[in-house]
Amino acid sequence: MSLGIKGADDPIDWASLTRYATEVMGRAYAPYSHYKVGVAGLVDDGRVVLGCNVENAAYGVALCAECGMVSALHATGGGRLIAVACVDSEGRPLMPCGRCRQLLWENGGPTMQLQTPSGIRTMDQVLPDAFDAGDLATADHPAHGEDGPA
């Protein structure tokens, strides 16, 4: 699906993103918590990618809606997320968990916009001082000085 190619100065159609997120939330698989979540992301080429949470009897392997959306992003051609709406079972904006904030940072970057319960925020506001690929570039340096750990 597409909202049309967005230019840098085009406004985000938050009503449509929220509608898509609410629609896909209805397809969530949440037989244990009954807490359904849906998410819609606008990609830099105008596509909209969707995800919903999928629970499992082994609680630790449940998938958040954002995980499914990021998988759909890559499965349908990649690109960068520019705006994301995440909703609960009532269609209200929902703040993603910490793991999902990291996924959004990795796939949207600091300027990606996120609809939150307190309004639209950029990822650098939601996840200040984020860890990303730039931090890994310094990983070849010893963590505790030239001679290794003390």
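Buried residues are those under 20% relative accessible area, exposed residues are over 50%, and partly exposed residues fall in between (1.4 Å probe, protein chains only). The model is a predicted one, in which local features need pLDDT of at least 70 and side-chain atom pairs count only at pLDDT 80 or more, while totals for chains, interfaces and linings use all residues. Residues are numbered from 1 along each chain as its sequence is written, and side-chain values use heavy atoms, with hydrogens and water left out.

We can turn now to the interior. A nonpolar core is taken here as a set of buried Ala, Val, Leu, Ile, Met, Phe, Trp, Tyr and Cys residues joined through side-chain atoms within 4.5 Å. The largest such core holds 20 residues, and M69, L81, V84, L104, M112, L114 and M123 touch the most other members. At least two residues of this core come from each of β1 (38-43), α2 (65-75), β3 (81-87), α3 (98-108) and α4 (123-126); helices (H or I, at least four residues) and strands (E, at least two) are DSSP runs numbered from the N terminus. Helix α2 gives the largest share, 4 residues. Another core, of 16 residues, lies apart from this one and includes V24, A28, L50 and C52.

M69 deserves a look of its own. With contact meaning heavy atoms within 4.5 Å, M69 touches V39, A40, G41, V49, L50, G51, L81, V84 and L104, leaving aside residues up to four places away in sequence.

Next come the charged pairs. A salt bridge places a side-chain nitrogen of Lys or Arg within 4 Å of a carboxyl oxygen of Asp or Glu, and a search of the whole structure finds 3 of them. R27 pairs with E23 at 2.8 Å, N to O; R27 is exposed, with a relative accessible area of 51%, and E23 is partly exposed at 48%. In the pair formed by R47 and D45, the closest N and O atoms are also 2.8 Å apart. Here R47 counts as buried at 16% relative accessibility, whereas D45 is partly exposed at 36%.

Finally, the loop between α1 (14-25) and β1 contains Y29, which is partly exposed with a relative accessible area of 44%.
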